[in-house]
Structures are given as structure tokens and as C-alpha cells.
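Good morning, colleagues, and thank you for the time. I would ask you to look at the sequence and the structure together as I speak.

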Amino acid sequence: MSNFLLYYFMIIMFMFGCIVFISTRKHLLCTLLSLEFMVLMLFMLLFFMLNFMSYEGYFSMFFLTFCVCEGVLGLSILVSLIRTHGNDYFQSFSILQC
């Protein structure tokens, strides 16, 4: 019974991460942090589900590797935007500019 409560807790935390991702539109760093929180909750849910079903943990390592790559790409975009525009506000830059 406690495993189901843990799964519900992780799903609720993932939903909170989605709500924060949707509601924050001022800074790019806040949106990247909420995306990383959602990925962390998905990783924990995947890890517990794989342990519950007695599968190997190799898939969780692949998932974690791709999540690290996603985080690195997000941080590189953040650094390039700060270098070109001076801040990470969404209002200071336009998508139409090259």
C-alpha cells in the first residue's frame, strides 16, 4: 500500500512541476529549473517502477544520460542568450530575431 502512495506522491509532484512550468514566463532559468524538476520526478517514478517489477536498471541509466544532455543543452542556450541579450528575461528578446 505504501508503494502506491509513493507513486501518487511522485505524480502529484510532477503535476506541480507542470504547473510551475506553465505559470513562470518571466525568466528562462526558472522554466529550465521546473523542467529539470519534472525530469527528476519522472526518473524517480521510473526507478521505483522498475524496482517494483524486478527489471534491470539499465533503462534508467539511459534515461538519466539523456536527461543530463537535455540539461546541458538548456544551460548552453541560457548562456548564449545572456551573452547576446544581457539577461534571461523573455520580454527582452524576440524569436523572430536572428
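Phe 43 has a relative accessible area of 17% in this predicted model; buried means under 20%, so Phe 43 counts as buried. Phe 63, by contrast, has a relative accessible area of 23% and is partly exposed.

How are these two residues arranged? A pair of aromatic rings is described by the distance of the centres and the angle of the planes. The structure holds four aromatic pairs. In the one formed by Phe 43 and Phe 63, the ring centres are 6.5 Å apart and the planes lie at 5°, so this pair is stacked. The pair links distant parts of the chain, 20 residues apart: Phe 43 belongs to helix α2, and Phe 63 to helix α3, residues 58-85. Both also belong to one aromatic cluster, together with Phe 47 and Phe 48.

I turn now to helix α1, residues 2-23. With 22 residues at 1.5 Å a residue, helix α1 should span 32 Å, and its end C-alpha atoms are 31 Å apart, which agrees.

Which residues of α1 are buried? They are Tyr 7, Met 10, Gly 17 and Cys 18. Viewed down the axis of α1, these buried residues fall within an arc of 100°, so they line one face of the helix. Their packing partner is α2, residues 28-52. On the other side of α1, the exposed residues are Ser 2, Leu 5, Tyr 8, Ile 19 and Ser 23.

How values were computed
Residues numbered from 1 in each chain as written. Predicted model: local features only at pLDDT ≥ 70, side-chain atom pairs only at ≥ 80, totals over all residues. Heavy atoms only, no water. Helix = DSSP H or I, 4+ residues; strand = E, 2+ residues; numbered from the N terminus. Expected span 1.5 Å × (residues − 1). Buried < 20%, exposed > 50% of the residue type's maximum accessible area, 1.4 Å probe, protein only. Arc of directions from axis to C-beta. Contact = heavy atoms within 4.5 Å. Phe/Tyr/Trp six-rings, centres within 6.5 Å; stacked < 30°, edge-to-face > 60°.
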